[in-house]
Every structure is written in structure tokens, then in C-alpha cells.
Amino acid sequence: QVQLVESGGGLVQPGGSLKLSCVASGSSRSIYVKGWYRKAPGKQRELVALITTGGSTNYADSVKGRFTISRDNAKNTLYLQMNSLKPEDTAVYYCNAALTTPSSQYITDYWGQGTQVTVSS
């Protein structure tokens, strides 16, 4: 069973920082953590940041320059460093991973349970 364990969410004041972590485990097949998504109340889930196998990154326009996605391949862990947080960043943040065959063929996606980030004064 694949499991994604997220941590690091919480309450922070505007302008503050948080660092989210996501650890993937439980599969003998290839699994790679690849992105962070978020869902605010009444809003569609949106991509926050994506990292490719080669390390290239993509960010939503709303977080560019403030958030940084990174991955520790040895620990199979994904991170999201969030700086200069704004109230509009308030959302549940989800870690996303893809499961592939040894020949790198896609099987399915997995999601973490979500961690709440609240930015408020």
C-alpha cells in the first residue's frame, strides 16, 4: 500500500513562512513525489508547484517567487518551502505522487491526506 505522509501545516501570520514535507512509502514499484496542490474553500483544487524527474520546476503564477518545491531522492521526500505567506494562501495542501512500472510506464496517482495551512493575523 502506497502511503503519503504530509506534515508542516499550521497557522501563520501574513509574511511568515512554513515548510511542508511529504514522505512516500509502501510500494515496491517506482514511485515519485512530483507536486503540491491546494484547495481553498469553495475553490477548485489547483496546482501549486511541480517538479520533474530531472528537477525542473513549475509554479502557479500566484506563488512564483515565494514558494520553492524540492525533492530529496534518497529520502523519497517532497518539500514545499513557503515564504511571504498571504491570507489567500490559506488552503488544504496535498502532496501528489505517481506510481510507475520498472519500465517507467504510468500506473496511477496517489494523494496525501492533506495538511491545513492558515494564514491570518
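Trainee: How much accessible surface does the protein chain have, and what share belongs to carbon and sulfur atoms?
Mentor: About 6,500 Å², with 46% of that on carbon and sulfur atoms. The areas come from the Shrake-Rupley method with a 1.4 Å probe, and for residues only the protein chains shown count as cover. Keep in mind that this is a predicted model, where local features need pLDDT of at least 70 and side-chain atom pairs pLDDT 80 or more, while totals for chains, interfaces and linings use all residues. Residues are numbered from 1 along each chain as its sequence is written, and side-chain values use heavy atoms, leaving out hydrogens and water.

Trainee: What share of the protein chain counts as buried?
Mentor: 38% of the 121 residues. Buried means under 20% relative accessible area, exposed over 50%, and partly exposed in between (1.4 Å probe, protein chains only).

Trainee: Why are β1 and β7 said to stand at the edges?
Mentor: Look at the open sheet of 4 strands, order β1-β3-β8-β7, paired antiparallel. β1 (3–7) and β7 (67–72) each have a single partner strand, so one side of each lacks a neighbour in the sheet.

Trainee: How do you know that β7 and β8 pair?
Mentor: Two strands pair if DSSP finds at least two bridges between them. β7 and β8 (residues 77–82) have 6 bridges, in the antiparallel sense, so they meet that cut-off. Ser70 stands opposite Tyr79 in β8.

Trainee: What kind of pair do the rings of Tyr37 and Trp111 make, and why?
Mentor: Rings of Phe, Tyr and Trp (its six-membered ring) pair if their centres lie within 6.5 Å; planes under 30 degrees apart are stacked, over 60 edge-to-face, the rest tilted. The count by this rule is 1 aromatic pair. Here the centres are 4.9 Å apart and the planes at 70°, so the pair is edge-to-face. Tyr37 sits in β4 (residues 30–39) and Trp111 in β10 (residues 106–111), 74 residues apart, linking distant parts of the chain.

Trainee: Why is Trp111 called partly exposed?
Mentor: Its relative accessible area is 33%, which falls between the buried and exposed cut-offs.

Terms used. Helix = DSSP H or I, 4+ residues; strand = E, 2+ residues; numbered from the N terminus.
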